Amino acid sequence: ISLTLRKLQKQICQVVLDHFEKQYTAELGDAWSSVRDVLTSPWCWQHALLLNRFSPSPGLESSLAEQGYHPAFPAALPYLPAAFRCYSRTAPGRFPAQKHQPGRLKGYYLLNAASLLPVLALEVRDGEDVLDLCAAPGGKSVAILQCACPGHFHCNEYDDMRSRWLEQTIESFIPDPLVNLITVSKLDGRQIGDLQPEFYDKVLVDAPCSNDRSWLFSADPQQAVLRLMQRKELSSLQFQLLRSAVKALRPGGSLVYSTCTLSRAENSDVIKLLLSSCSNVMPVDISGMARAVSQEFAFLSGTQQHELLVLPEKGRAWGPMYVAKLKKVSST
C-alpha cells in the first residue's frame, strides 16, 4: 500500500496546495484543515450512482444494497421525483464504470453526489423550458431528465471538446424519442440571454470554475501557475454568464448557480454582485433542502439562506459544491 500512497502523494501539485492553503485558511478558518485532508487523499473519495430511469438494470438496486449502498437523498426532501434514484455509501471506492456502447443505454452514471444538489434545487417540472448553460460533461443534464420531461431542453457547451463529451453522454443515457426534445449547442453562454430573451422557465449555470479537486493534482506545474494567474478572471466570466442567464429567464422563472470550488470570489461574491446589480432578481431560500440532506453532506456554516457550500469530510467526502438559487421577478 505504501507505494500506492507515495504515488498518490507525489501527484499533489505543491504550487496549487500552497495557494489554497493561504486562501482557504483565511476564508474557511478551522474547517479548512479537515477539507484539505480529504481533497489531498483520493483514496478516501466516494462515488455515487445515479440510476438511469430509461435503462432499468434488474437486480442492480438489491446488489447495491448488499454492498452497503443506500439512497443518497431522503424522501423528506422538498423536491425528489419518484424516478430520481441515487445510491451512495460511506466507504470510499468506485463502482465499476460502464463502457460507452453505441446504440446501448447505460444503466447508471457515476458522480460526486453533491453535484446533484443544483439539479434538486432547480426543481424542474414536466413541460418546462429548461436551459443548461454550461452543460458538459452532461451529468447534470442527465440528472434533470431523471427528474422530469422538459417541454424543451437546451444543453449548451461552448468548448468544442467538452461539447463532444456532452453529446456522447446524452447518447449514452437518453433514448431516441427524448433526444429529439434536446437541443445541443456550442454558443458562447454570455450571448444566449440576448439571443433568446425570456425564453426559459428554469436555467442552470454550472459555471466554469477553479475545480479544486482536479487542480490539486495538476501534473504540469507550469499549467498550474497559469491557471492560478487566470483564476482572477473567472469571477468576471461567471458574472457575465449569470447576467445572460437572467436575460434568458421568463419573469417568475428560477436560476440555480453552481461551482465545484470553495473560492468565495467565485461563489458568494459573484452572487452578491448579481443581486446588487440586477434589481429584478431575488434570492430563494434553499435552507430547507440543506437541512433535509444534512445527514449525507457537510455544509459550511454561516452562509446565506439562498446558498450552500458542501465541504468534503471523511466518510462524507462529497463536494466542494457551491449552490445558490435566484428568481427573476420582472422583465426590467
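Biologist: The charged end of which residue sits over the ring of Trp 45?

Modeller: This is a predicted model, in which local features need pLDDT of at least 70 and side-chain atom pairs count only at pLDDT 80 or more, while totals for chains, interfaces and linings use all residues. Residues are numbered from 1 along each chain as its sequence is written, and side-chain values use heavy atoms, leaving out hydrogens and water. A charge sits over a ring if NZ of Lys or CZ of Arg is within 6 Å of the ring centre and within 35 degrees of the ring normal. At 4.4 Å from the centre of the Trp 45 ring, the residue is Arg 213.

Biologist: How many aromatic pairs does a search of the whole structure find?

Modeller: Rings of Phe, Tyr and Trp (its six-membered ring) pair if their centres lie within 6.5 Å; planes under 30 degrees apart count as stacked, over 60 as edge-to-face and the rest as tilted. With this rule, the search of the whole structure gives a total of 11.

Biologist: What is the angle between the planes of Tyr 24 and Trp 32?

Modeller: These two rings form a tilted pair, 5.3 Å centre to centre. Between the planes of Tyr 24 and Trp 32, the angle is 55 degrees.

Biologist: Is Leu 226 buried, partly exposed or exposed?

Modeller: Buried means under 20% relative accessible area, exposed over 50%, and partly exposed in between (1.4 Å probe, protein chains only). Leu 226 has a relative accessible area of 44%, so this residue is partly exposed.
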